[in-house]
Amino acid sequence: MKPVQVRNTIIGEGMPKIIVPLVGISDLELMDEVRAVIALRPDIIEWRVDQYSHVDDMQAVHNILKTLRNEIKDIPLLFTFRSYQEGGKKKITSSYYKELNEFAVQSQLVDLIDLELFTTNNILSYLIGKAKLFGITVIMSNHDFKATPSREEIIARLQRMQEFDADILKIAVMPNSEADVLTLLQATNMMKTKYAERPLITMSMAKMGIFSRLAGELAGSSATFASGVSASAPGQIPIAELRTILENIHQYMR
Ligand SMILES: O=C1C[C@@](O)(C(=O)O)C[C@@H](O)[C@@H]1O
């Protein structure tokens, strides 16, 4: 597996990287939130654009994105519009999904972009092409907020992302039993050891899935999401506590 470097952060090497989301809905909230999150020293900051109340106003998105970029300086910034079907806040058309992500890629203000696997094929291929052209790292993603697919299905989805030439492959699933958490961890480890040429990010959500957010170094997930000011998905734990756990595992595991 080849690590991916984004600014000074190397994903796929050493301790799993910690990503903290921004979920503010107004400009004011986002400004307060970004300052608080920077102070928590995340490896990567994710802007969950679907949470932003002016997401359908491209000029507003552009303005706040410039401000966020100025604030966070050299910390890698991930731009994520999470679709409504996959747990996001806002319903938009597929043409606006295309427009928004294309704008982000071309803006030179973001370092990574989240593109969902289950986006219409031609839009997905188009956006990946654009991202490659502009040197933006693509995290391709899939989310199941209801259940955990079989180990084979999880691996198949991650393989499809790799076939699309995504730089990083990500899946988040919901456990309905402890065994489901182990299924996600097994799928991650099988993918990593047998098929993955690129870094993976995997998690089993909610309280039951917490182990998966800590076990990246064992199972093969190269990054994990922690909460900063607020969580963006069930099961995220505060960054300071997560970092202590990951550092202890890193120190005593090798
Ligand atoms: O895809 C993910 C993972 C996530 O859903 C989680 O479970 O931590 C949180 C989201 O903000 C992010 O875009």
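Visitor: Is alanine 206 buried, partly exposed or exposed?

Guide: This is a predicted model, in which local features need pLDDT of at least 70, side-chain atom pairs count only at pLDDT 80 or more, and totals for chains, interfaces and linings use all residues. Residues are numbered from 1 along each chain as its sequence is written. A residue is called buried if 20 or more other C-beta atoms, placed from the backbone, lie within 10 Å of its own, exposed if 12 or fewer, and partly exposed in between. Because alanine 206 has 16 other C-beta atoms within 10 Å, it counts as partly exposed.

Visitor: Which residues is alanine 206 in contact with, leaving aside its neighbours within four places in sequence?

Guide: Alanine 206 sits in the loop between strand 9 (200–204) and helix 7 (210–214), where helices (H or I, at least four residues) and strands (E, at least two) are DSSP runs numbered from the N terminus. Its phi is positive, about 65 degrees, although it is not a glycine. Contact requires that the C-beta atoms of two residues, placed from the backbone, lie within 7 Å, and by that test alanine 206 has as partners Met174, Pro175, Pro234 and Gly235.

Visitor: Where does aspartate 165 lie?

Guide: Aspartate 165 also has a positive phi, of about 75 degrees, although it is not a glycine. It is partly exposed, with 14 other C-beta atoms within 10 Å. Its place is the loop between helix 5 (151–163) and strand 8.

Visitor: How far apart are the end C-alpha atoms of helix 4?

Guide: Helix 4 covers residues 121–133, which makes 13 residues. The expected span of a helix is 1.5 Å times one less than its number of residues, so for helix 4 it should be 18 Å, and the end C-alpha atoms agree with this, lying apart by 18 Å.

Visitor: Why do the buried residues of helix 4 line one face of it?

Guide: The buried residues of helix 4 are Leu124, Leu127, Ile128 and Ala131. Seen down the helix axis, they fall within a limited arc, taken from the directions between the axis and the C-beta atoms. An α-helix has 3.6 residues a turn, so residues three or four places apart point the same way. The buried residues of helix 4 therefore line one face, within an arc of 100 degrees.

Visitor: Which elements do the buried residues of helix 4 pack against?

Guide: The face turned away from the buried side of helix 4 carries the exposed residues Asn122, Gly129 and Leu133. The buried residues, in turn, pack against helix 3 (94–107), strand 6 (112–116) and strand 7.
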